[in-house]
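Hi,

Here is the structure I promised to pass on. My notes on it follow below.

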Amino acid sequence: MNPSPPNPRRRRRPPGIDPGPRPLREVIEGAVERLGPHHGGRSPRVLALAEVVSHWEEIAGPGLAPHVRPLKLEGSTLVVAADHSARATQVRLLGAELIGRLRQATGEAGEEVVVDEVRVVVRPPS
């Protein structure tokens, strides 16, 4: 049996001690910092989105979070992707409640994210 050639896209971890799991916000902030100031740096919008992502299960709830994910912040509008049109309808109906939960979750973390509207797009899982 011939071994398969190495995949050039696959990255390997550098040898060393594995730090184990890290908070999602920390991972996102680290990635943004590595991009540098020309790609967003530590802008307030990027940090606000990191805050939303890190609290998403708390905001959306365990039943909705696996089916809807935050994509971006456009001004004070949070754009989320739902995996089905029925979930998109559910998010639209819960919009005001989700905004309240978002403000509460991010405010308790010390950095309230200002969102006045939730916009939903449907993107089935690939």
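This is a predicted model: local features need pLDDT of at least 70, side-chain atom pairs count only at pLDDT 80 or more; totals for chains, interfaces and linings use all residues.

Which strand does threonine 77 lie in? Threonine 77 belongs to β2, residues 77–82; helices (H or I, at least four residues) and strands (E, at least two) are DSSP runs, numbered from the N terminus.

Residues are numbered from 1 along each chain as its sequence is written, and side-chain values use heavy atoms, with hydrogens and water left out.

Back to threonine 77: it counts as buried because its relative accessibility is 10% (buried means under 20% relative accessible area, exposed over 50%, partly exposed in between; 1.4 Å probe, protein chains only). Leaving aside neighbours within four places in sequence, threonine 77 is in contact with Lys72, Glu117 and Arg119 (heavy atoms within 4.5 Å).

Strand β1 (residues 68–74) runs antiparallel to β2, with six bridges joining them; two strands pair if DSSP finds at least two bridges between them. Arginine 69 has alanine 81 as its bridge partner in β2. The hairpin has two residues between the strands, and glycine 75 there takes a positive phi near 65 degrees.

Now the core. The largest nonpolar one (buried Ala, Val, Leu, Ile, Met, Phe, Trp, Tyr and Cys residues joined through side-chain atoms within 4.5 Å) has 23 residues, and Trp56, Leu78, Val80 and Val91 have the most contacts inside it. Helix α4 (85–108) is among the elements giving two or more residues to this core, and its six residues are the largest share.

Cheers
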